[in-house]
Amino acid sequence: MQTLISAALQFPTIVFTFSLVLIALYWLLVLIRLAPLELFEHDSLRDDHMASTLVSLGFAGVPATLALSVLVLFAGALSLAVELLALRWMALGMLRVPVGVLVVWAALAVASPMAAAVCHVLQRGLHRYQPFKRRCLLGATVVVAERQNDESASATLLNEPNSTVKLHCKAGDCPQPGERRVLVKYLAEEGAYRSVLEQHYLDTRVRINKLRLQHKHHPNGYST
């Protein structure tokens, strides 16, 4: 036990240990209703880098707080394993800092798909509860069921026919029955979502990624 505690307090594992303590405190506050479940949720994916990153990692439709909790837990377990199996036996000295940073990055990279898979297993049950039917669905794919009127339509979450959401109709882009659309903005006053066609959403992500790569290779902002 002493070895385990010592390893958990060594860099880089201490980064995840400290994060898990904060996460545990947050969930305690949620349980006693002193903190909101949607602490990190926003109304739109636009200009929200954390939400967009979580969606790109496969956490679409999962509350950010739950996604971060599972991700940090898995990454922390991997980091602890590396510490116990390798790092504690090496005389790294000052090299522990750069090696530790590499371990943190690798642990998060390896833990992301595992955490996303676990969250998606939980997803179906979570969407049955009202607190999980709002902003946390941003990035999720839905199938349009029917037009309700000129201002809204109903849709079901992909692979979850019992979970329905209300879609906002925008002039020139009103959801049509059978379309697959991605939820991109939550309208709290209407309890509805703005959405875009799935293919348009995917095409936009491809263009954005290309622009980021161009900007990375050409810091002055101009491509050659």
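A search of the whole structure, which is a predicted model, finds one disulfide. This bond joins C169 to C174, with an S to S distance of 2.2 Å. The torsion about the S-S bond of C169 and C174 is about 40°, so the disulfide is right-handed.

| Residue | Relative accessibility | Class |
|---|---|---|
| S79 | 1% | buried |
| I14 | 34% | partly exposed |

S79 belongs to helix α4, which spans residues 64-85. Because its relative accessibility is 1%, S79 is classed as buried. Which residues are in contact with S79, leaving aside its neighbours within four places in sequence? They are P12, T13, F16, V103 and A107. Of these partners, T13 and F16 fall within the residue range of helix α2 (13-31).

M1, L4, I5, L9, I14 and V15 make a nonpolar surface patch of about 550 Å². The elements that contribute two or more residues to this nonpolar patch are α1 (2-8) and α2 (13-31). One of the patch residues, I14, lies in helix α2. At 34% relative accessibility, I14 counts as partly exposed, because that class lies between the 20% and 50% limits.

The overall architecture comprises six helices and five strands. Along the sequence, these elements follow the pattern α-α-α-α-α-β-β-β-β-β-α. The protein has 224 residues, of which 38% count as buried. Among contacts with a separation of 6 or more, 60% are accounted for by residues 24 or more positions apart. The accessible surface of the protein comes to about 13700 Å². Carbon and sulfur atoms hold 63% of that accessible surface.

Conventions. Residues are numbered from 1 along each chain as its sequence is written. This is a predicted model: local features need pLDDT of at least 70, side-chain atom pairs count only at pLDDT 80 or more; totals for chains, interfaces and linings use all residues. Side-chain values use heavy atoms; hydrogens and water are left out. A disulfide is a pair of cysteine sulfur atoms within 2.5 Å. Helices (H or I, at least four residues) and strands (E, at least two) are DSSP runs, numbered from the N terminus. Buried means under 20% relative accessible area, exposed over 50%, partly exposed in between (1.4 Å probe, protein chains only). Contact means heavy atoms within 4.5 Å. Patches are made of residues with over 30% relative accessible area and no salt bridge: like charges are joined within 9 Å, nonpolar side chains (Val, Leu, Ile, Met, Phe, Trp, Tyr) within 5 Å. Accessible areas come from the Shrake-Rupley method with a 1.4 Å probe; for residues, only the protein chains shown count as cover. A salt bridge is a side-chain nitrogen of Lys or Arg within 4 Å of a carboxyl oxygen of Asp or Glu.
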